[in-house]
Amino acid sequence: MKRTPHTKATVIIVVTLCLQLGVQAAKAQNQQDQHHSFQSRSEGSVAGEDHGMVGEGDKPVAKLSLDQFERRGMNGAAIEGDFSYGDDVNKVVLEVDFERGGGETEKNERWLVYSRSISKDWNFLAGFRHDLQRETTSRNWLAIGLAGETPYSLEMDAVLFLARNGSTAFRLEGEYDAKLAEKVSLVPRLELNFFGQNDEIAGSGSGLSQIETGLRLLYEIHPKFSPYIGVHHERVVGNAADFAREEGEKVYSTVWVIGFRVWF
Amino acid sequence: MTKPPRCGSVSRRTFVTGIGAGMALLGLPGFPNPARARVPPPTTLTGENFSLQVDQRAVNLTGQPRNAISVNGSIPGPILHWREGQTVTLNVLNQLDKNTSIHWYGIRVPNPMNGVPGLNFSGIRPGENFRYRFKVKQSGTYWYHSHSGFQRQQGLYGAIVIDPAGGDPVTYDRDYVVLLSDWSDESPQQIYSNLKKDGHYYNRRRHRTTTDLWRDVRAKGIEQTWRERHPWNFAGMSDRDVSDVTGYTYSYLINGQTPEDNWTALFAPGEIVRLRFINASAMTIFDLRIPDLDMTVVSADGQNIQPVRVDEFRLGTGETYDVVVKPSGDRAYTLFAQAIDRGGYARGTLTPAQNLSAEVPPMDPIPILDKRDMGFIRAGGARAADRQPTAEEQNAKLAPAGLGSNSPIVHQPTEKGHGVALRARAPQNGVDDPGVGLREHQQRHNRRILTYKDLRSLTPSLDRRQPQRELQLHLTGNPARYLWSIDGVKYKNATPILLAYGERLRITLVNDTLLTQPMHLHGLWSELETGDGEYLPRKHTVMVQPGAKISYLVNADNRGRWALHCQMLYRTYGIFREVRVV
Ligand SMILES: [Cu+2]
């Protein structure tokens, strides 16, 4: 990894800040809980004393999941996955988002974020994204966003990115799991990438710059393992499309995909 | 079925379940087919001194060799046969490499004998021998289990049968323990971890598929289908979420035997058989029936009740019912216990001859939750009473003993955030409701289904005092994240509920979830308010139905640190409160 000491320091600061914020918020929540609890506290009682059964229930949880691990067309591939560790409220998440198409690495992101449960269906996340792809200048972004489920069970991620040079970007991802049968799902997916400015080297333009859509048919062999086939379509639009045309590149591509989804 | 007390006439009665494998070979009843038995059946221990060894043992219930926890080598552990008035001494030796404990479920014991680690008891360390000693002040059917970690899921449970000091008001010729449990080849830690990562992991049939949708649209039209589906889909919930750990991982056992093993009980023609049903499972609610055989329920949670004739009853986790039957001598009968989610069943046979068995009926359709079970709004929506009760409400006159709560339902300010998915808008009193999936049986099959309203104590209520105050507790949770709590506060962050010694109060439980929650109170009776204050049935476990409320009276007549918790093993850590009688 080509990371300067300076970026390393930023990562550490951001993560420490996020964790501290989280811990403080959690403490506040606990105090609030106890404050509102109408049962009176008695002398010498320890709230949450381990009663055997209770201890097992409160251990931190570590989860590794690969949402996409796939071949895209003849010369492409994608890996999207994350590892999370934490308790019911606070988690640290490491994420990888890698895409390769037409012989080029289009996306190669490493994320390190703090995630906090804020409602029944939603998590707040804040952290850091590091881009590694060779074709562009590596960039470091602060990421702040929300991930969760909308009414009607639409899974959604909305993340705002800020770079030190003032660049901004916004990504909106949505996915829906339509059960065709107990073990067969059709999963449509949409990703929109917006930018605050033009960036000819990166091939992005201000406003809506890039759209990815996909449709995958999953077969659940095991609740944790589902191979799939599908199609993936992506196109650049607006200013980004103009840049692409100037370079003589195609503005869209449609490829078949084959892969699997797995978690532990 | 009641008759005048019959003193000490044990001779005619044969207490049979599990006397030893040797007896099975002699053709005595109450055993699985010995050729197929994969777990040693429990023996029966009597007397005043008991030695119990908790140890690991290899089992093979599904074709997969696994490790389980046994008591004296068997799963379930031995049946402990006591007599009311006796002082029993139980030496429990821990041969495991981790702490263990035994909790005497439903038995009123002095607080340090209750066996709940952390509550005036420190658990039994590896290699340690702990001596429990207490006077038996009650009679009936009870059970015991480990209150440490997830050991109950691994087999540490067994039955307790206590003969009354006087005569038994129930007439019977034979006596069988029918202990129901759930077994998984996955470790309990694995099950819990799967739930934490995906709360719906084991409910593989929760989704309505496109095929279902198409069928509904054709049958009901688009508008009606939309009207039915909308509230569920909008909230991202399923109307099939009746169970969170299911037959997807569980095999259901009767006295440790799988449906294929077919635990078998013998009777002679003309005999009256008493069946002592115990739900010792970790996570399963059973619906029980014996096709073609009338059942008369004579006791609930060990306490005699006025006999009720039923065709089917729901047995919540931790509950016990004693049932008497009079089978006709020319055929066999199937004991059929379907899991509430219909993902599997436990099965046994009641037969006049060892080689005779009866047909196993098909399982009923998956129960579908309806508006009554929902009785819910989404968190954050319009609210009935989301605030502290006013002084006026708190001082309002309580409804008379027996009728249950008439107080307003108040959602505490803590009932919000990521751990609370729902709040009941207008919870109904659950005593007269057979429950989800069983209402249809009443209508469709004309079966007589037991409801809590049918339970009336055989003897008048001992304490006629009115409740002096009322405590309203809401059972809350977010099943997707697998978070559980009372009033939105999980046990870890909660303070004990204080009861003054001698006081009589009403506890009202409101279920703000879609799952039926069996709630167990240690050390004190839960006198269920089923409508008649004169004959309150005394229970130790009360099922709170989804979107419903239920009330019981409690006499704080046993000092110490007790527990009030959900008996569902993987929800216990959150839905748990210490109840301290001082
Ligand atoms: Cu308990």
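The following legends describe close-up views of a predicted model.

**Figure 1. The copper site of chain B in the predicted model.** Three histidines coordinate the copper ion, each through its NE2 atom: B:His147, B:His522 and B:His565. Along the chain, the donors follow the spacing H-x374-H-x42-H. The pair B:His522 and B:His565 links distant parts of the chain, 43 residues apart. B:His522 belongs to the loop between strand E29 (517-521) and strand E30 (526-528) of chain B, whereas B:His565 is in strand E34 (residues 560-566) of chain B. B:His522 and B:His565 are both buried.

**Figure 2. A salt bridge between two strands of chain A.** The model contains 61 salt bridges over all chains. One of them joins the side chains of A:Glu109 and A:Arg129, with an N to O distance of 3.4 Å. A:Glu109 is part of strand E4 (residues 104-117) of chain A and A:Arg129 is part of strand E5 (residues 122-131) of chain A, so the pair ties together parts that are 20 residues apart in sequence. Both A:Glu109 and A:Arg129 are buried.

**Figure 3. A salt bridge between a strand and a loop of chain B.** The side chains of B:Arg309 and B:Asp294 form a salt bridge at 2.9 Å, N to O. Because B:Arg309 lies in strand E17 (residues 303-310) of chain B and B:Asp294 in the loop between strand E15 (286-289) and strand E16 (295-300) of chain B, the pair ties together parts that are 15 residues apart in sequence. B:Arg309 has a relative accessibility of 37% and therefore counts as partly exposed. B:Asp294 also counts as partly exposed, because its relative accessibility is 44%.

**Figure 4. The salt bridge of B:Lys539 and B:Glu319****.** The side chains of B:Lys539 and B:Glu319 meet at an N to O distance of 2.7 Å. This pair links distant parts of the chain, 220 residues apart. B:Lys539 is located in strand E31 (residues 538-539) of chain B, and B:Glu319 in the loop between strand E18 (312-315) and strand E19 (320-325) of chain B. Both B:Lys539 and B:Glu319 are buried.

**Figure 5. A five-stranded open sheet in chain B****.** The strands are arranged in the order E13-E21-E20-E15-E18 (chain B), and their pairing is mixed. Strand E13 (263-266) and E18 of chain B are the edge strands, each pairing on one side only. Neighbouring strands of this sheet are turned against each other by 20° on average, direction ignored. Within the sheet, E15(B) and strand E20 (residues 333-339) of chain B run antiparallel and are joined by four bridges. In this part of the view, B:Phe286 stands opposite B:Ala339 in E20(B).

Figure 6. B:Trp263 is placed opposite B:Gly348 in E21(B). E13(B) is covered on both faces. On one side are B:Trp263 and B:Ala265, on the other B:Thr264 and B:Leu266, and all of these residues are buried.

**Figure 7. A four-stranded open sheet in chain B****.** The strand order is E4-E3-E6-E8 (chain B), with mixed pairing. Strand E4 (65-71) and strand E8 (129-135) of chain B each have a single partner strand, so one side of each is left without a neighbour in the sheet. From one strand to the next, the twist averages 20°. Strand E3 (residues 49-60) of chain B is joined to E4(B) by seven bridges, and these two strands run antiparallel. B:Asn60 stands opposite B:Pro65 in E4(B).

Figure 8. Chain A comprises three helices and 13 strands. Of its 264 residues, 42% count as buried. Among the contacts in chain A with a separation of 6 or more, 42% are between residues 24 or more positions apart. The average pLDDT of chain A is 82, and 77% of the residues score at least 70. Residues 1-5 of chain A have a pLDDT below 50, and this stretch has four contacts in the model beyond near neighbours in sequence. The pLDDT is also below 50 over residues 7-49 of chain A, a stretch with 65 contacts beyond near neighbours in sequence.

Note on methods
Residues are numbered from 1 along each chain as its sequence is written. Chains are lettered from A and ligands numbered from 1 in the order in which they are written. This is a predicted model: local features need pLDDT of at least 70, side-chain atom pairs count only at pLDDT 80 or more; totals for chains, interfaces and linings use all residues. Side-chain values use heavy atoms; hydrogens and water are left out. Donors are N, O and S atoms within 2.8 Å of the metal (3.2 Å for Na, K and Ca); water is not among the atoms, so sites may look incomplete. Buried means under 20% relative accessible area, exposed over 50%, partly exposed in between (1.4 Å probe, protein chains only). A salt bridge is a side-chain nitrogen of Lys or Arg within 4 Å of a carboxyl oxygen of Asp or Glu. Two strands pair if DSSP finds at least two bridges between them. Axes are lines fitted to C-alpha atoms, for helices over the stretch in contact, and angles run from 0 to 180 degrees between N-to-C directions. pLDDT is the predictor's confidence in each residue, from 0 to 100. Contact means heavy atoms within 4.5 Å.
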